Amino acid sequence: MQNNKTFDFIKNRKIWISVYAVIIAAAIVVLAIFGANLSIDFKGGTVLNYSFEGSVDLNKAEAAIEDTVGQKVAVSENTNFATGEKSLVITLPSVKATVTESTTAEILKTLNANLADNKIAVKADANSDDNNVFFTFEGSIKETDTVTKKLEEALGINGITVAQDVETKTLTVTVPSAIESSVTAKLVKTFADNKIANIGSNTVSGTIAGNFFLKCLVAVLVAGLLVVVYVGIRFRKIGGVSAGMFALLALVLDCFMAFAASVFFRLEIDSNFMSVILTTFGYSLNDTIVVYDRIRENNKLYPEMELRELINTSVTQSLGRTVKTTVATFLAIVAIVVVAEFFGLSTLRSFAIPMAVGIVSGCITSVCLSSPLWYSWRKGADARKAKKEAK
């Protein structure tokens, strides 16, 4: 073996445990005080987009809208990088549906009158807690624009949208709520010189948001289970499942660090956050696998080496490769953060910052925590086994 300097990562494991404990505690305190900035993907609600000219006082707009709807709203300004056009983005909490049974019946009547060949029928969950009404259909609907106009004429409401999912044969009709109309009217009146115009809206029900969150949670749990199984099989000669459990612990810490970054920086947690979590999973697992692989190889080459020295040596040998990979990835993500900050791209910002934190945490946990903690467990297990045999 080369006579290179070996760092004692096991000795310093308690320092890193303390650092992570402090960050976790701080994140929990901030979360308890301010809460998480969840998007409508996870909590349900409505996002309204308005074009405007000149400049709009966001605080004034927020106050005007809250006075109209009687509840807390979020108002932000986005800039289209391609066109340079600005828009107001208003997020409203979930509101109960304004679509009554009679309205649903009128929608169904209009749909069947214009889409007789598609055999439209109301789905069981048609009256949910938002403004979406769901229908089943047969075949394929080609003239959704024409159907939309017919529905607006029949109901006397503008802004109705019709969307079809060919795979599930579901037709979704979204009817603007009275609150949306009130917000539009208030903005037009308050900022008469800015030519406010509604350019789109998106509504996600609490039920759909809950189902989406559940699916995301299941995806993460399945990924975690597969990590334990994979590491357990691949490294069965050096610890197997126990090594996999500490690899999973490192992944959990990394994902929480990404979440903590969103909490500290008050970033919106949306569907992109799942991309952050799964990508962090991949990077962190890759770093941990490299370390475990080196431990396995050194265990073959030096079977008489004491476990502490084996782990410290293996982690030290893997350190250069792990740090270089992390730095290269981190610099690429930092470039994304700079672009997001410079052009005011909030969606990109909420993706890149947690990703950068998750990548750095993945390097730290793989090098300084997963193997050292696994060592502590192994030594404890050996001590318990020796004590049991001595009785």
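**Salt bridges, pockets and surface features**

Arg234 is partly exposed, with a relative accessible area of 29%. The structure to which this residue belongs is a predicted model, and six salt bridges are found in it. One of these joins the side chain of Arg234 to that of Asp293, with an N to O distance of 3.6 Å. Because Arg234 belongs to helix α7 and Asp293 to helix α9, the pair ties together parts of the chain that lie 59 residues apart in sequence. Asp293 also counts as partly exposed, at a relative accessibility of 23%.

Asp293 takes part in a further salt bridge, with Arg296, for which the N to O distance is 2.4 Å. Both partners of this pair lie in helix α9; being three residues apart there, they are separated by about one helical turn. The relative accessible area of Arg296 is 18%, and because buried means under 20%, Arg296 is classed as buried. Through salt bridges that share partners, Arg234, Asp293 and Arg296 are joined into one network.

Another salt bridge is formed by Lys195 and Glu53, whose closest N and O atoms are 3.9 Å apart. This pair links distant parts of the chain, 142 residues apart: Lys195 is located in the loop between α6 (178–190) and β8, and Glu53 in the loop between β1 and α3 (58–69). The accessibility of the two partners was also computed. Lys195 has a relative accessible area of 57% and is exposed, whereas Glu53, with 42%, is partly exposed.

Rolling a probe the size of a water molecule over the atoms shows where empty space is left. The largest pocket has a volume of about 1000 Å³. Its lining consists of 37 residues, and those closest to the centre of the pocket are Asn37, Ala74, Ser76, Thr91 and Glu268. Two or more lining residues come from each of the helices α2 (40–43), α10 (307–343) and α11 (346–390), and likewise from each of the strands β1 (45–51), β2 (74–79), β3 (86–92) and β8 (197–204). Strand β2 gives the most to this lining, with five residues. By class, the lining of the largest pocket contains 13 nonpolar, 14 polar and ten charged residues.

The second largest pocket holds about 520 Å³ of space. It is lined by 20 residues, of which Leu217, Val220, Cys255, Phe273 and Ile277 are the closest to its centre. At least two lining residues are supplied by each of the helices α7, α8 (241–264) and α9 (272–301). The greatest contribution is that of α7, with seven residues. In this lining, 19 residues are nonpolar and one is polar, while no charged residue is present.

The surface of the model carries a nonpolar patch of about 660 Å². The residues that make this patch are Phe213, Leu214, Leu217, Val218, Leu221, Val222 and Leu226. Val218 is situated in helix α7, which spans residues 206–234. With a relative accessible area of 41%, Val218 is partly exposed. Patches are made of residues with over 30% relative accessible area and no salt bridge, so the value of 41% places Val218 above the accessibility cut-off.

Finally, the backbone was considered. Most residues other than glycine have a negative phi. Lys119 is placed in the loop between α4 (101–114) and β4 (121–122). It has a relative accessible area of 54%, and because exposed means over 50%, Lys119 is classed as exposed. Arg266, although not a glycine, likewise has a positive phi, of about 55°. This residue lies in the loop between α8 and α9. The relative accessible area of Arg266 is 35%, and the residue is therefore partly exposed.

Definitions and conventions: Residues are numbered from 1 along each chain as its sequence is written. This is a predicted model: local features need pLDDT of at least 70, side-chain atom pairs count only at pLDDT 80 or more; totals for chains, interfaces and linings use all residues. Side-chain values use heavy atoms; hydrogens and water are left out. Patches are made of residues with over 30% relative accessible area and no salt bridge: like charges are joined within 9 Å, nonpolar side chains (Val, Leu, Ile, Met, Phe, Trp, Tyr) within 5 Å. Accessible areas come from the Shrake-Rupley method with a 1.4 Å probe; for residues, only the protein chains shown count as cover. A salt bridge is a side-chain nitrogen of Lys or Arg within 4 Å of a carboxyl oxygen of Asp or Glu. Helices (H or I, at least four residues) and strands (E, at least two) are DSSP runs, numbered from the N terminus. Buried means under 20% relative accessible area, exposed over 50%, partly exposed in between (1.4 Å probe, protein chains only). On a 1 Å grid over the protein atoms alone, a cavity is a set of points where a 1.4 Å probe fits but cannot get out, and a pocket is an open set with protein on both sides within 12 Å along at least five of seven lines; lining residues have an atom within 4 Å of a point. Grid points are joined across faces, edges and corners, and a volume is the space filled by probe spheres set on the points. Ala, Val, Leu, Ile, Met, Phe, Trp, Tyr, Cys and Pro count as nonpolar, Asp, Glu, Lys and Arg as charged, and the others, Gly among them, as polar.
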